[in-house]
Amino acid sequence: MALSTKHLLGIKNLTKQDIELIFQTADNFKAVLNRPIKKVPSLRDTTIVNLFYENSTRTRISFELAEKRLGADTINFATSSSSVSKGETLIDTAKNILSMKVDMVVMRHNVSGAPHFLANHIDAAIINAGDGTNEHPTQALLDAYSIREQHKSLQGKKIAICGDIMHSRVALSNIYCLKKLGAEITVAGPPTLIPKHIDSLGVHVTYNVQEALEWCDVANILRIQLERQNTPLFSSLREYSLYYGVNKKMLDSLKKEITLMHPGPINRGVELSSDAADSHHSIILNQVENGVAIRMAILYLLAGKNE
Ligand code: CP
């Protein structure tokens, strides 16, 4: 079986079968990662550039590790040490790198739509590692895979996505992915951080985070993205934490166990307290671990190695 797409630009245009194929392939790679020798030579003839125009810890390291575990040759590109600072355009940068016989591009950019734009101008397969406030498809896939690992199936599961929905590419990709897999979704947070017409995506909306926690099986808490707010959308971080933050006391007050997630990086003490983030409810580090297997699966499938 093959994916229905040449690039991974977002979850919006993936089919349910694509997602299930990625998960099945990730299951195989997760088994590889648990062996003493954590490498396979599947991409030893492939060269991949990690083109990061925006900062990253988890996604960049996870992709680089996934590429190395598959035996690929990798090149890491950071704008701060490149000729972008001399005014070189995105297309010129990409074309110059690709002329050195690079096969695939993993790209993070602060502008929504940048990977889609590049996909229209170059031949290599492009994987979106997060574009502006649009999508972060590999994060959504590793999130859904981690829920599947804990709860067996996504069908009928109640997932609360809490926090800064407005600026979050993770929220949009999660909504597309979880809906395709049959989950029910509530978004929760301050009215100023929830897009006006988000209910058109088939999600419930509440401005009460405690209510969302009482409803859900899984809560995915999102970071406040102050760097994307031109004007303040709430009065202070202290007030945000008081009214919309999640802490362990709230989790302990629930009449059931819920699974707690966060894509990282966490603003500890703002959207999530340390005692909640580090509690037995949390699968935050499992998410990071699963990210490598998911990214190995995507690289392998887009390279056409299973055809
Ligand atoms: N979750 C995530 O995208 O983290 P980074 O920004 O550190 O890659």
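In the predicted model, D27 counts as partly exposed because its relative accessibility is 31%. The side chain of D27 meets that of R148 in a salt bridge, with 2.9 Å from N to O. This pair links distant parts of the chain, since D27 belongs to helix α1 (residues 16-33) and R148 to helix α5 (residues 137-151), 121 residues apart. R148 is likewise partly exposed, at 24% relative accessibility.

A second salt bridge joins the side chains of K30 and E289, at 4.0 Å from N to O. K30 lies in helix α1 and E289 in helix α11 (residues 284-302), so parts of the chain that are 259 residues apart in sequence are tied together. With a relative accessibility of 16%, K30 counts as buried, whereas E289, at 44%, is partly exposed. K30 and E289 also belong, with E149, to a network of salt bridges.

Within helix α9 (residues 248-252), K248 forms a salt bridge with D252, and the closest N and O atoms are 3.1 Å apart. Because K248 and D252 are four residues apart in this helix, about one helical turn separates them. K248 is partly exposed at 23% relative accessibility, and D252 is partly exposed at 46%. The count of salt bridges comes to eight.

Turning to the whole chain, the secondary structure comprises 11 helices and nine strands. Among contacts between residues at least 6 apart in sequence, 74% join residues at least 24 apart.

How values were computed: Residues numbered from 1 in each chain as written. Predicted model: local features only at pLDDT ≥ 70, side-chain atom pairs only at ≥ 80, totals over all residues. Heavy atoms only, no water. Helix = DSSP H or I, 4+ residues; strand = E, 2+ residues; numbered from the N terminus. Contact = heavy atoms within 4.5 Å. Buried < 20%, exposed > 50% of the residue type's maximum accessible area, 1.4 Å probe, protein only.
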